[in-house]
Amino acid sequence: MKSYLFIVFIFLSHSIFSQSFDFLPESSSQNIVKHSYYTLSYSEKNEQAEWVAYLLTKKRTIGSLNRDNCKFISDPDVKTGSAKNEDYSKSGYDRGHLAPAADMRFNFTALNECFFMSNMSPQLHSFNAGIWKSLETQVRNWSIEKDSIYIITAGVLENLEKTIPNTSISIPKYFYKIILHKSNSQFEAVAFLLPHEKAYKPLKDYVVTIDSLENLTHIDFFASFPDSVELQFENKILLTNWHFTKTTTNTSTTKPSSNAKSSQCTATTKEGTRCKI
């Protein structure tokens, strides 16, 4: 099984982003929904978001509101109608947050809105409580370290055949997360591509380029960047400016047997090799 993480450091002109820290990807569905603290592009075909984007600051990570009273409800702002809470009942899949509740505990509006079903994707519990939770924790650590970061995340909604029974909710084979940080005129980005299965490797081993991730998802994640600037960083990897912390979540260190099936992808590894779905 091969799984990868991608990191790249970017130096760009401050004038490119002088207006706002708002880098929404392109939307293939043109069904963009803006909530108070995150924005998403909803795929009616797959009954989930093709991407969720939001800003996470150090101050927001200090939030301590309790999620116990929050309820999973349909998103009232998805005009075509979002998935429903009961669609996941007895499906064997978690209602996996894309923008996690732990990132939204700084006020009641943020916390309640992150329980909209448009912010959910079906996830195996071993994945949701394992490598995905580890990644969410790492992202919050980076937000504290760097003061503010911009996050784009979702499942890869390409070449999918399996759905939750009796629904149109597609089950992704991979999940991705891209983090962008701005400090004066300096930009750095990190992106992850995770197979939807129990993980056997640490986060640092999950490396792809943005180019290969865009090829996999058919999404232009930095559509507002000039092409000449995109070419400078989307096919490069640099690990220097990201510090990984040890996690204690449920990622097994036991390797699968030789008969176990492995996931494959079309991403590019640090060594420049490629694999296929």
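Mentor: Start with strand pairing: two strands pair if DSSP finds at least two bridges between them. Here strand E7 (residues 148–155) and E8 pair in the antiparallel sense over 6 bridges, with Ile151 opposite Ile179 in E8. This is a predicted model, where local features need pLDDT of at least 70, side-chain atom pairs count only at pLDDT 80 or more, and totals for chains, interfaces and linings use all residues. Residues are numbered from 1 along each chain as its sequence is written, and side-chain values use heavy atoms, leaving out hydrogens and water.

Trainee: Is strand E8 enclosed or open, and why?
Mentor: Buried means under 20% relative accessible area, exposed over 50%, partly exposed in between (1.4 Å probe, protein chains only). In E8 (residues 174–183), 8 of the 10 residues are buried, so the strand is largely enclosed by the rest of the structure. As for E4 (residues 48–57), 9 of its 10 residues are buried.

Trainee: Where does Asp103 sit?
Mentor: In the loop between strand E5 (94–97) and helix H2 (108–113). Asp103 is buried, at a relative accessible area of 1%. Contact means heavy atoms within 4.5 Å; leaving aside residues up to four places away in sequence, Asp103 touches Tyr54, Leu56, Arg140 and Ile151.

Note on methods
Helices (H or I, at least four residues) and strands (E, at least two) are DSSP runs, numbered from the N terminus.
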